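Please consult the sequence and the model alongside the text.

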Amino acid sequence: MSAVLALPAEAALTTAERDRILAKSALFDPPPAQLPDGRRDLVGLSRAELAAELAAIGEAPFRARQVWHWIYHQGVTDFAAMSTIARPTQGKLADRFVIGRPQAAVVQTSADDTRKWLFRFRDGQEAETVYIPDPSEDRGAVCLSSQVGCTLSCRFCHTGTQRLTRNLGAAEIVGQFMAARDSYGEWPSPKGETPRLLSTVVLMGMGEPLYNYANVAKAMTIVMDNEGIGLSRRRITLSTSGVVPMMDRAGAELGVNLAVSLHAVRDELRDELVPLNRKYPIAELIAACRRYPGASNARRITFEYVMLRGINDSVADAHALVQLIAGIPAKVNLIPFNPWPGSAYETSSGAAIARFAGVVMDAGFSAPVRTPRGRDILAACGQLRTEAGRGVG
């Protein structure tokens, strides 16, 4: 009997449910990646789509490989810089296409060197992106947004107070990473073991990535392409609040690292903190984690747990967490709550966090306490929110 058949009936989620999620997501799709003058943005196209666009103007298949290399390996934004392409062809491409980037409307750098961009897209919508440098090495993580606003309304999260406006397209998602690389001058794409300053991608910015799966998957496929940006799937982490049907699909199709925003060990509390739990309760979520492909001691699932004073930070909660995730190759990121204007919660005391971490570590799990980064520019976990959305919610 297969593992799926052995699951409780409520966890054997159907293709129809995934199709329903994808259909609803499509209602929030971005506008076409086209300028008012009719030129098409090549960023965000799959390899096949890029080849089709170039074939339509009479270019041979090899041209798509050349253009792909210049866009994603060299990072150029001007066809005139594509030195392996003849000038008449450069002009032909420039007449019909662009190589776009989101506009950095605001750039802030924290006292701890965390950098946050407010990116503005062609229709005027905005989302935030954060680069978090490693404090001891020349590398760091780029935290990408997947939606303008958020589908969810997690009570402790500032982003969750901003209603969903629309999904970000593949071009806008991969464009955030490319614009961050522009900012740090990290072109051409480092190859092999060459150190990378922007070394990892975390889909932990604004939005629920699995409620925009089609665009997120397309963007990450581009990021992972070895002839372009070439970032390994082991360097990409997708964070979800628990869209269980899409977790299975992401695991099968992308195989990137998984992080789960858990934050509570009892359904009644998680229903309040993470309202999505009412649809996909803890038992279903944990079952999906157990069947996530590739999870191992080398590639552990990360459970994110925000520490809220007097809410979810007791020793009893810690013991319940350990029982819940027993047998899963996992680590637990303990996240001191990052306050934001109007928030109803307080950060757990240092002593409470230490006691909680001790219980988890005694059970054999890693339980690092995340050092808040970029708090002074509202760039820390749960603090992202665009100016356009302030006051909405």
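Helices (H or I, at least four residues) and strands (E, at least two) are DSSP runs, numbered from the N terminus. On that basis, the protein chain contains 12 helices and 13 strands. The model is predicted, so that local features need pLDDT of at least 70 and side-chain atom pairs count only at pLDDT 80 or more, whereas totals for chains, interfaces and linings use all residues. Residues are numbered from 1 along each chain as its sequence is written, and side-chain values use heavy atoms, with hydrogens and water left out.

**Burial, contacts and core**

- Of the 393 residues in the protein chain, 53% are buried (buried means under 20% relative accessible area, exposed over 50%, partly exposed in between, with a 1.4 Å probe and protein chains only).
- Among contacts (heavy atoms within 4.5 Å) with a separation of 6 or more, 68% join residues 24 or more positions apart.
- In soluble globular proteins, nonpolar side chains tend to be buried together.
- A nonpolar core is a set of buried Ala, Val, Leu, Ile, Met, Phe, Trp, Tyr and Cys residues joined through side-chain atoms within 4.5 Å.
- The largest nonpolar core has 107 residues, and M220 and F303 touch the most other members.
- Beyond its neighbours within four places in sequence, F303 contacts V260, L262, I286, C289, I325, I328, A330, K331, V332 and N333.

**Second largest pocket**

- On a 1 Å grid over the protein atoms alone, a cavity is a set of points where a 1.4 Å probe fits but cannot get out, and a pocket is an open set with protein on both sides within 12 Å along at least five of seven lines; lining residues have an atom within 4 Å of a point.
- Grid points are joined across faces, edges and corners, and a volume is the space filled by probe spheres set on the points.
- The second largest pocket holds about 510 Å³ of space.
- Its lining comprises 25 residues, of which P31, A33, R122, A171 and E172 are the closest to the centre of the pocket.
- Two or more lining residues come from each of β1 (40-41), α6 (170-184) and α7 (213-224), and α6 gives the largest share, 3 residues.
- By residue class, the lining divides into 10 nonpolar, 6 polar and 9 charged residues (Ala, Val, Leu, Ile, Met, Phe, Trp, Tyr, Cys and Pro count as nonpolar, Asp, Glu, Lys and Arg as charged, and the others, Gly among them, as polar).

**N312 and H263**

- N312 lies in the loop between β12 (301-307) and α11 (315-324), and it counts as buried because its relative accessibility is 0%.
- The side chain of N312 comes to 2.8 Å from the backbone oxygen of H263, a polar contact (a pair of N or O atoms within 3.5 Å; within protein, one must be able to donate a hydrogen and the other to accept it, and residues adjacent in sequence count only if both atoms are side-chain atoms).
- Not counting residues up to four places away in sequence, N312 touches H263, L269, Y305, V306, M307, D317 and F356.
- H263 itself is in the loop between β11 and α9 (267-273) and is buried, with a relative accessible area of 4%.
- Although H263 is not a glycine, its phi is positive, at about 70°.

- A259 belongs to strand β11 (residues 257-261) and is buried at a relative accessible area of 0%.
- Apart from residues up to four places away in sequence, A259 touches M204, T237, L238, S239, T240, T302 and E304.
- A357 is placed in helix α12 (residues 350-362) and counts as buried at 5% relative accessibility.
- Leaving aside neighbours within four places in sequence, A357 contacts L334 and A367.

**Helix α8**

- The buried residues of helix α8 (residues 244-253) are V244, P245, M246, M247, A250 and G251.
- These buried residues pack against α2 (15-26), α7, β10 (236-240), β11 and α10 (282-290).

- A cis peptide bond, with omega near -5°, runs from W187 to P188, and P188 is in the loop between α6 and β9 (200-203).
- D113 has a positive phi of about 75° without being a glycine, and its place is in the loop between β3 (103-109) and β4 (115-120).
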